[in-house]
Structures are given as structure tokens and as C-alpha cells.
Amino acid sequence: MKGKHIGWIVLLLLGLIAPFVVYPVLVMKILCFALFACAFNLLLGYTGLLSFGHAAFLGSAGYLCAYTVQGLGMPPELGLLAGTAGAAVLGFIFGSLAIRRAGIYFAMITLALAQLVYFLALQFPFTGGEDGMQGIPRGHLLGFLDLSDTMNMYFFVLAVFLFGFWVIDRAIDSPFGQVLKAIRENEPRAISLGYDVDRYKLLAFVLSAALAGLAGATKTLVFQLASLTDVHWHMSGEVVLMTLLGGVGTVFGPIVGATVLVSLQNYGAELGQWVTVLTGAIFVVCVLAFRRGIVGEVALLLKRSGIRP
Amino acid sequence: ATNVSDAIVKLGVLTDMSGTYSDLSGPGAVEATKMAVEDFIAKEKPDFKIEVISADHQNKADISANKAREWIDTAKVDAIVDLVTTSTALAVMKVANEKNRVSLVNGAGSTPITNEQCNDTTVHWAYDTYALPVGTARAVVKQGGKSWYFITADYAFGHSLEKNTSDVVTKSGGKVLGSVRHPFPGSDFSSFLLSAQASGAQVIGLANAGADTINSIKQAKEFGITPKQSLAGLLMFISDVHSLGLDATQGMYLTTGFYWDRNDETRAWSKRYFERMKRMPTMVQAGDYSAVYHYLKAIKAAGTDEAKAVMAKMREMPVNDFFAKNGKVRVDGRMVHDMYLAQVKKPSESKYPWDYYHIREVIPGDEAYIPLSESKCPLVKK
Amino acid sequence: MANASAFRPDSEMLRVNDLHAFYGESHILHGIDFQVNRGELVTLLGRNGAGRTTTLKAILGLVGRRSGSIMINGRQVIDLPTHRIAHLGIGYCPEERGIYASLSTEENLLLPPAVNSAGMSLDEIYGMFPNLEERRNSPGSRLSGGEQQMLAMARILRTGARLLLLDEITEGLAPVIVQALGRVIAQLKEKGLTIILVEQNFRFAAPLADRHYIIEHGRIVEMVRKDELDSKMPLLQKLLGV
Amino acid sequence: MSTDYILQTRDLTKEFKGFVAVDKVNLQVQRGTIHALIGPNGAGKTTVFNLLTKFLTPTRGTIHFNGVDITPEKSAQIARRGVVRSFQISAVFPHLSVLENVRVALQRKLGTSFHFWRSASSLDVLNGRAMELLESVDLQSFADTVTVELPYGRKRALEIATTLALEPELMLLDEPTQGMGHEDVGRVSDLIKRVAANRTVLMVEHNLGVVSHLCDTITVLQRGAVLAEGPYEVVSADPRVLEAYMGTAHG
Amino acid sequence: MDIFGIPIQALMGQLLIGLINGSFYAILSLGLAIIFGLLNIINFAHGALYMMGAFGAWIGLTWLGLNYWVALVAVPVVVGAVGMLIERTMLKHLYKLDHLYGLLLTFGLALIIEGLFRYRFGISGESYPVPELLSGGFNLGFMFLPKYRAWVVAVSLVVCFGSWFVIERTKLGSYLRAGTENAQLLQAFGINVPLMITLTYGFGVALAAFAGVLAAPVFQVNPVMGSNLIIVVFAVVVIGGMGSIMGSIVTGLGLGLVEGLTRVFYPEASAVVIFVIMGIVLLLRPAGLFGRER
Ligand SMILES: Nc1ncnc2c1ncn2[C@@H]1O[C@H](COP(=O)(O)OP(=O)(O)OP(=O)(O)O)[C@@H](O)[C@H]1O
Ligand SMILES: Nc1ncnc2c1ncn2[C@@H]1O[C@H](COP(=O)(O)OP(=O)(O)OP(=O)(O)O)[C@@H](O)[C@H]1O
Ligand SMILES: [Mg+2]
Ligand SMILES: [Mg+2]
């Protein structure tokens, strides 16, 4: 427990210092993806469900938020709300269909549904096809805080992230989280104790989808655009990678994973065509050498050297 | 001395370095930009320094918007060059405009760039998805290809290619028999080709791009559709012809903004480019050179790198180089220049490497691009 | 069929010296020493978790890491890969039965390659376990717990292995079947097979075995010969709670 | 008044692709007794358990619990009614602590199991009851141990404690002593005896020692059908049972 | 005669084309299914290895002067050997872990392989000519069937059913299936499981490369030809039932047909139809059409 408190403090400090050291828009992007990965980890790491369609939540929330803000002229907070709620509803639909299946089959159903969402995003008139929705206004938060100012936007994103992360952290360590853990450990036994496991999984799924949506909606405000990239299955794959890279089932792992991957994409962009090769090499090395993910390995190292994390 | 910020003009080439479009722009675009800078320094001896940086936007709008912002905010980039794929171009144009920086768009082709979504710090150089199909369609109908059928990528650019072409075909007295929309990216086009074949159209218009176009052409030959029916590539680059070979592409019509072997001037520049890249330039890469050179000249003339002032100079000065003769940058940002209708040579006609085209016709710039009178750009006062 | 010339009661079939075994980081066997003669039936007794299963697995190289010496027929095998060890004529019936769910009963039965020609025929086996004949075409996963146990046992009788490592074979079996198995084991011993039996069911093991080794915390703590059973009963009681 | 039956099945049947695993079983379990289900391997005992708890759906027949027809209900529902089972292969939550294992069973009654916004420390109120349960199976000293590290017999004991936490009216135990050393067998069978004091137990068991020691009524299944029923002395004297199940040499 | 406004002749043509594409799906998904079946690894590098097959043919022809027929044999062997090397040096360490790790590793490998080819050959790729013996085609009346395509169908059917026979109907097959479930025990029975696994992976990879060589004359040989295909092939494997050999073959062919039909009636949806089918199938039959439910 103590380790976690230290983690929170470090996180907070980093969040406050980062925009003065690193380019703030990049940090915002990292925060959005970190939230996305944490939401995903709630499902994979703590419920044992591998969704291969999480991009659908990220992306569709982005479009919804963009439409609310741009098309309907609503303020940004409503945009976020619309995105999150939309993703939650979508999550409920996905979840209801997929929950009854396990393992790789679960992953594949979510992939199939996400492909449908992609298809719709491409075909719907308001999404702008492959050009996406551009020039989304950031607007004024609650009517007064001008979000077009980078620092205002930054601290707003940080707040959103911390809120989302807190929800996840709390959910993991809640009565609900206990049941999830039990289900992951031994599902038939959980059933025989009288738990309707499907309903617990569904709630976890909806929660994860909603938070992924929150991340997507926020991202739309940050970049002022919503595009197909965020609904493409590559994105679903990327979030798996972020989580694995950081450490599945560790609280802070996905944040680290997202940071590494996003930075890699960003700074790697200047390496030109070698980015993909480099990214590939990192995965290979990670799997072969640091299987528990970065945070997982560090935790193990600390444990071995006798420091209780 | 000129009033250039930090006495440095910084150019950021933002392009697809490794993805689908990396052959038609990509590393070649970076190289062309560098050539333009070197040539400019050698010839004009400016009193400011010029730097070029580049990045791979991986065809993702968020990455390119982020990179553009970062470049402008932290690296003090003055202009962003190339911008292949429309979504990334639109995203960057917006960011650059907001921060009063110039976008020199070359790779992306969609008409909204200078139309609905135009802004006063964007220039669109080499081609667009109006000029290419329109030139081709008009010529092909004139040559007797009256009935058309489209194989269209089910994407906004595919749709707009199809629509623009259809309009011209009907206007020129031809007929459109139908179209089929394929998912993007596809790999097998034989089904769509069969539909096209069944339509009995004389001309099959390929309203797609890159690997899709290449595979369509390849498979059309395999299924014996060509040469009975002829193909018209609506968005084709010399890099596509090169990778397909003349055997598969011979006889096709296409429109281009630049062909390396057109005259001595183009040949001279292209040979220099070839020495560096081991490939001949596409119109995008040549356009990057031309646009960058013109931009730098405008800075020198304006005595500042402030975007609005530079834009004013760019509009004022005609473009005269190996790429364009008397080209001019319109108020909506479109650089109007002549386009060329090319027909792909038969293998037997090709005498040396990269000897691919007969230039059949010069399409005057005023006819090639959407006239200002039809423009939906808010900057155009009517 | 017993091969008279191969049957030399005191010649050594298996000798294990200072065997250590590890699962990942946990050190399970701390220097096991024992030996089994040709044609002998020896049991490994001990409490749950003492390391009996691990000993069998270590002989076959199925543990994470091991060290020490294992001689089979006078040949050092500690460095051989598992499949080579098996070809020296070892039949292994694992504790968790290891029935292949995707294979039918009969395919399971025919799976292990014969190591020599002395194995039982399919008919003999079905005669011994009629349940299996009845379920011969159903997938392994559909068998009841006990049926799986029979199949696991039957499977190695077919191969003609001369040294059997049997782990808790009476587990979950109906008393009639346990008795039948007792008869089978006696027959096998008759034929001159060497058997190492890991058992909880002391009552089953006692009349069959020539010697008993008692394992505690990964070490052999006691060896009891058949003729000492009565005198050493109190000790056994203390060690095993029998 | 007729006898008070807590569980009754009528013509309970399960077919697997033409193979009849459970054949018209009429089982009557009397309240407050320990009832054993024995029979040769493959007789259908586990399948009966699976049917009773709806891990399998009966092909035909009905199940009545406390007079209510529970045939159409789902597993978790049946568990909430008070029919709780153990598994033939040990069923614990391996990476939870021993205490948490029991608490998971207790927490459902708090009604906060969907509350993802509440801290897990809100469950601490259950610790007292959980410790009591652990004491009843002699596991109090292991409360903070991670369950994987427990020896096998202790895991079975924990499983029983977890089951007890639900205060089941009817406990279904599938081979509770399988794979145990002698000491553990003794301990677990004593435990069953103790916890059965005010509830009903239906168990499958091959260890006849345990059966004869614990059980009031014994039902013998063979090939899916009931072969014999009655107290141990009666059943064990039945020549058909001897032939099909117990064998001759048994004493 | 028309069906929903489509002349039946055209429909026949489209179905035939569907079958041709189906053969590619079948042969690729067969390789994937074999690898998943035995190694429990979701081989994301399959697409990249397929691409290597196609490039192998091109390199053979252009640099070494080896013709198509030589390539058809030599390239799968070479790429298969590369696969075995990958298995020996990397995958070997992952068998005891969750599928996810295999997926991640092979995904990384795919990125590396693709990146390297992209660096060397550029994105537009190269054209491979149809072998002389098979150029031209048959006029079937309702359509022109290129000889080469007919050959593709024939040879893939032979290869697919040949592999199926070996795996399902021979002793080797029962070893393979047993190895999937509990390799340790199989080894304790005296079977050299590591070798078997290496060879199997090599075989699965060789199938991918074989498909690549077959594809070279049909599709533009470019570095991303595999990654565009792989996700569809995954869907095929899943619909057929992960690890089911017959399932992957039949589903591959079947989905080719379905896709062909969609291209006639609702072409825009032809890329998504496979996923729709996958969703429906999994909801109704969780283990896939031919998969065994656990
Ligand atoms: N795969 C494994 N990983 C880690 N530890 C293991 C593993 N298998 C067994 N152990 C541990 O090794 C010890 C010895 O186990 P083993 O299975 O050999 O016991 P046993 O004497 O056969 O008892 P049992 O009656 O439970 O079968 C136990 O403490 C067990 O927890
Ligand atoms: N899902 C299934 N599909 C097909 N047959 C099955 C299935 N489950 C069980 N059977 C068959 O039904 C019969 C009864 O099995 P069950 O597991 O109930 O036996 P059991 O009485 O518990 O035996 P044991 O004492 O060996 O555990 C067996 O012959 C088994 O093969
Ligand atoms: Mg054991
Ligand atoms: Mg049973």
C-alpha cells in the first residue's frame, strides 16, 4: 500500500513538472494514451479479459465529442461527457455480446465489433471519412477557462487523467475489485459462491469502455481533430502493447508503457523509416528479456533486493 | 538586413517516410527540399540561415498535428513542407494557420485544401484531385473513350475523384455507365474488374491510388480486360508506372504536373535529383523543390519570414523555374500552372531507364484547376 | 512374458544419487538417494507435498532444473533430454493423469510409441478395463475421473516399458477397480517389470511392495523392507499418520 | 407427516449425444443428514452434481429444493438459494490470501459487490466472521498466507470454510478427501461431521472408511441409474453393490 | 437469367473469383492454424513471412535467375528455415506463457521484417511476371479465367488437403495434437517434442511462403502485402475454430466465396463482411465452426 502512495505522489509531481520540461502537447498526448491504457488494463490485468476492440471506444468517443463541440456548438465539458457516455453505451453493447465468451474468442468478438464501428466511422456522413473531423474548437471550460491556452488545456487534461486514474485505482481496490479478482482466479468457484459473473464482467467492461472514451474525447480536444486512426484496429493493438510493455496487472505499468510508446512514436518520427524497425525490436527485446513489463520487472527487482514496494 | 526571426528560416518536411506514400513523397521530398535550400543559398546568397528538419507522420493526423505544433512552438519552424495524405495536411494547415506559419502542401491532393477548408497561409502546389482526373478524362473522351465505368476507393478522395471525373466525362459528351466501390486498402480487384468488364464500358477509370491502382492495373491485364477496354489512372505517379513496368501500363493515359524528360530544364534538374536518390522524381518531389525555392525567394523579397508578408510576396511573384512557367499562387492558395496529359509508352518505345511517357497535350493552368468563380473558399471575394 | 535371462533380482535398474530439483526458484528435492533393482516394486511414501511426484518427474527430466546423478541400467541420464530417457524403457503415469482431451480414448491409448515389443495388446487391455472399450471413441476429456485414471495406466502397459513410474494410480477409483489394479500390478511384477509406486493408499501398496522409501521435505528419511513392516509400523505411523 | 426432504429429483436424466450418463435418477435427501452418493467410476456422480448446480442442463427431469422447482434456474441463483458445491479438483482462489478467500464468500451479503467506488477496506468488517470460519477448520494461523502456498489438505479445508461462509442449507461435496494423506483424511472427515451438525450434506466419496463413518444414507449409482439405497450396513451387504463397486476383499 | 438483378453468368464469375481468393485464405490460415494448434502462438509474423515468400520469388528471378518453378520449392524451404531459426532462438522461450507474449513477439518480428524490406525495396514494390507456361487463360463463356488463377486453386487445394490428411489421419497427426495439449507428457512418452515443434513451425511458415510465391504473379510484390491480409486471415482461423485444420481450410474457401458475393451485392462492405460473420459465428458457436468446445 505504501508503495502505491509513493507512486501517486511521484505521478502528481511528474504531472506538475512535465509541461515545463517536455513539450506540453506531447505530455497531454501521453496522458490521454496513459488513461486509455489504464482503462484497458482494468479489463486485461484485473478481469483477465483481452479486448481487441478498444479502439472503438477511444475513436467513437472522439467523434462524438467532436460532433458535440463542433456540430452542436456545446461547451467542451459536455463534449467529454457525450464521448464518455457514448463509449459507455457502446461498451455495454459490446460487453453484452462478448462477455459470454472467453479467451481468444472474446478478443475476436470485440475485434469484429470494432471493425463494424470502423466501417460506420468511415461511412457516416458527419465523420468526414478518411479526412476526419478537423479544427474542433477547444472552447471555454465551464464558460470561463480558455482552453486554447496550452497551459490551461494541460492542467485540464491532467485533471481528467488523474480523475480517470483514480477511478480505476479505486475500482481495483474495492469490493467490486475483490470479486473481479476472484473471478479471474477461479471462475467456476466464483459462480458456485453465488456471483453472477457475467454481470461483474459486464460492469468492468463498461467501466473500461467509458474511461477509454473519456481518454478519446480528451484527445480530440487536445488535437482538435478526430480521425480514423483512433478507430483502426492498429490502435486496439497499440493499447495492448502499451499495457504489456508497462506491465499487465500493475497499477502504474500502463502509464509507463504509454509514455514509452508515445515518445517512441514522437521522437522516432525523426528517425524516418527506422521507427517501425526500432519499435519491432523493442517488442522483441521486451518479450524475451523483460516479460513482466517495465514496471513489473522493476517491482520484482525491488522485491528481490528486499525492498518492499 | 532582413528581418528574419533568429536570422534562421527553418523548414520542416512532414511526410510519410515509410508508409504507403513514401515512394511518391517520403525521403525524396526531404531530399528535394534540401536541394532547393542548397541551390537557393548558392544562387541567392541570402543573409539568413536555412535549416531543414523532417519527420515521419505515419499518415496519422494526430501525430502530424502534434509534430507541427511542437516544431512551431519549440523548434521555431517557419514553414511545413510536403504533407502527404489529406487528413494530415488539413490538420497541419489548421495548426500552422493558427500560429501564423506557412504550409506548403504538395503530397496531399484533395481539393478542399484550397476550397472549403482553405486558409491564408497555405499554398497547394503540384496537383489536386480536380486537375488530374479532369485533364485525363477530357483527353480520353476526346480520343473516343466515350463510355466510362469507375472502380473507386470507398474513401472521400476516391469519391471526389469519381465525381470530378464523371462531371467532365458527361460535360465532354461521354457517358458514365456505373461504378463500384471497393474497400481501402484492397488487394484483389478481380471481382471489381469483372463488374467493370460486364458493364461493357470503353474506359475503366481507376479512382484509387497507390497499391490499389497498381494491383487493379496488374490484374486487369491478367484477366484480359486490357487492352480490350482501356484504363485511365486518375491519380497516378511515375513511381507507380515504374513499379508496374511498361508491359502492364502501356497505352494508359494519365495527367501529371511534372515529367522529368519533358525538356532540357526538367532533365537537368531531374538528373541531379537522380544522382542523390537513384530514382526519378515524382511531381510531388519536384513540386516540393519548386515550392520551397519560391517560398525562400519570397522571404528574401519580403525581408521577413512573417507568414502573411511572405504569402503576399509568394502571390505577387510569378513562379518561373523548371517546374512551372508563369505559375501563379492564387488568393485561395492554389499554385496554378500547366499540367500535362501523358500516355505511357509501349515497352518497345522506351529507350532508356525511366523513359515512360509521351506527353500528348499541355493543359493550360486556367483549364486544369477549379476556376475561382466556382471556388467555395471563404478568402475568395465574389 | 518374463524374460528369464533378463531377470536378475539384484542387478540394479535405477540408482539415484544426491538428486536436487527445482521449480523456478523453489528448491524441492534436497539430495534424494535410492536405488531400485530389476524386477523390484518400490514405493515412495510421504505426506502431501513431500516431493514424491517431483522425484518421479526429476527422473524423467520434467522439472525446471535438477542436479545429481540418475543411472538407468548403469547409464547416466541426468544430461539426456526427456524423450531419450523415455526410450530407455520407462513408462510414466502422471498424477494428473494427462489424458489428451482432443484425442479419443483409443487414440490416447495408442499414443505412446512402443519402446519394445513386449507390451500388452489392445485386446488384453480392453479385457482388463472394460469401461475403456465401451468409451473407446469418445474424446478423452469426456471420461469420468476414474475412467481417465484407468486410461492413463492402460496407456503405458501397451508400450512394453520395463520400468514403470506410477503416481497415485488408485486415486479416485472405485474399490473394485483398485482391487483389479492391485492384481494387474502383481501380474506386472510377475512378468519382471520394475515398478516405482507413489501412493497415499498404504493399504493398497503394502502387500505389493518389496521396499518402501519414505520422503519428507525432499529427502529420503527412511527405508522399510517388506519383512520389517511390522516392526517399523510405529515409525511409519509417526511419519505418515497411517 | 412424510419425511422432510430438502432435495428431491424426479427422473433426472442427462444424455450426451446418445450416451446416457444419468438415467432417471430419483434422489431424495433428507434434511439434516449426511447423504453419500457412491458408485463405480463413470457411474454419473459428478454429472449429477453438475445437474443439481446447473453446471449442466438436465435433458429431462426436475429438481426440487425445499419444495421449490429449481430446474430452470441458473447456477449463481441456485447457489444463492443455499445449495453450494465443492469441486472434484480443488477450488480455491490461489492468489488471494486465505482470509480473502473466505471474505469473498462473505462479502456478497453486504450488497456492495458492485460498488467500484468504495474502498476495499470497507470489507474489513467481515474479518471477524472470516476468522471464526477459519478457526472452525483450523486455519486461523494461515490467514495471511497466499493460498497457493498451502498444502493440499489445507486447501480442501479452506474450500470447506469458504463454502460454510455462505451458510448453505445443502452442501455438495465431490470427493472431499481425494488425494489426501491419512492425517488429512481424518481431519477433513471430522470437519465434515462437525459442520454437518445443522445442515444437510450430499457427498461423493470413494473412501469407504469415510463413507461408513459419516453417512446416514447411501445411494449407489451404476451406469447412471440408482442401484441401491439405504444405510451403510444395508448397502454394503447388497451383493450387487459388492460386485459392481466394493469388490470382495473389502472389510 | 438474373438473380437480384445480377446476370447469373456474372455471378458465376464472381463466385469463381471468390474461390480463388479463398484458396489464398485457406493456405494462409492453414499455416496459422497449425502453428496456433501446436505452439499455442498466434503468429502475427505470418503476413510478413508470406511477403518474404513473394519477395523471395522476385529476388530469385531478378538476382539469381531462378524461375518460378524453382522458387515454388526453394523459397518455402528457405523461409521455412528462417522460421525454424526464429523458433529456436525466440519462440522457444514463450511456450509456457500466455498467448499474448507470442503475439507481441511475432508482432515485433513482423514490424522488423517489414521495415527492413521497406527500407530495401521501397513501398511500391516490384512486379513479378506470370510464368510463361501459365500465361493466358481459358474462356469459360461467362468469364475469362487466367490459367494462372486456375493453377493457384488447384495447387492450394492439393496442398491444403494433403496437410489435412497428414495431420488428422496419421500417427504424426495425433502426436501433433497431443503436443498441443501437454507437450511435457508427450516427451515423457519418448517423443522429441522440441524437434517436432521446430519442424511444425517451419512447416507453417513454409506454407506462408508458399502462398507468397503463389501470390507473386497476381499481386504487386510489396512490403505491406502481408500486413493488409493478416487480420482477415486471423478472422478466417477464428471462424473455422482456432487450431482446427479442416476448419481453416473450409472456412478459407467459404469466406472467399462469401466475400465474392458481397462484392457483387454490397461492394463497400466486402472488407467488413468477414468480421460480421466472425462476430455472428462466435456468438452462436463460441469455438468456431469446426472448433471443439472445451
Ligand atoms: N510446478 C511447480 N512449481 C512450483 N512448486 C511446485 C510445483 N509442483 C510442485 N511444487 C511444490 O513442490 C513440493 C513437492 O511437490 P510434489 O508434487 O512432489 O509432492 P508430493 O509428495 O507428490 O505430494 P502430493 O500428495 O501433493 O502429490 C510441494 O511443496 C509443491 O507445492
Ligand atoms: N460432457 C460430457 N460429454 C460426454 N460424456 C460425458 C460428459 N461428462 C461425463 N460424461 C460421461 O458420463 C459418464 C459419467 O461421468 P461422471 O463424471 O459423472 O462419473 P463419476 O461417477 O463422477 O465417476 P468418477 O468416480 O470416475 O469421477 C462417464 O462415462 C463420462 O464419460
Ligand atoms: Mg504427488
Ligand atoms: Mg466424478
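**Disulfide.** I looked up the cysteine pairing in this predicted model and found B:Cys118 joined to B:Cys377 by a disulfide, with an S to S distance of 1.9 Å. The term denotes a pair of cysteine sulfur atoms within 2.5 Å. My search of the whole structure gave 1 disulfide over all chains. I noted a torsion of about 75 degrees about the S-S bond of B:Cys118 and B:Cys377, so the disulfide is right-handed. B:Cys118 sits in the loop between strand S4 (102–105) and strand S5 (122–124) of chain B, and B:Cys377 in the segment after helix H13 (365–368) of chain B, so the bond ties together parts 259 residues apart in sequence. Helices (H or I, at least four residues) and strands (E, at least two) are DSSP runs, numbered from the N terminus.

**Burial of cysteines.** I recorded both B:Cys118 and B:Cys377 as buried. Buried means under 20% relative accessible area, exposed over 50%, and partly exposed in between (1.4 Å probe, protein chains only). I also found D:Cys215 buried at 9% and E:Cys160 buried at 1%.

**Magnesium site.** I then listed the protein donors of the magnesium ion (ligand 3): C:Thr53 (OG1) and C:Glu95 (OE), 1.8 to 2.5 Å from the ion. C:Thr53 belongs to helix H1 (residues 52–60) of chain C, while C:Glu95 is in the loop between strand S6 (90–93) and helix H3 (105–110), 42 residues apart. Donors are N, O and S atoms within 2.8 Å of the metal (3.2 Å for Na, K and Ca); water is not among the atoms, so sites may look incomplete. C:Thr53 is buried at 15% relative accessible area, whereas C:Glu95 is partly exposed at 34%.

**Conventions.** Residues are numbered from 1 along each chain as its sequence is written, chains are lettered from A and ligands numbered from 1 in the order in which they are written. Local features need pLDDT of at least 70, side-chain atom pairs count only at pLDDT 80 or more, and totals for chains, interfaces and linings use all residues, while side-chain values use heavy atoms, with hydrogens and water left out.
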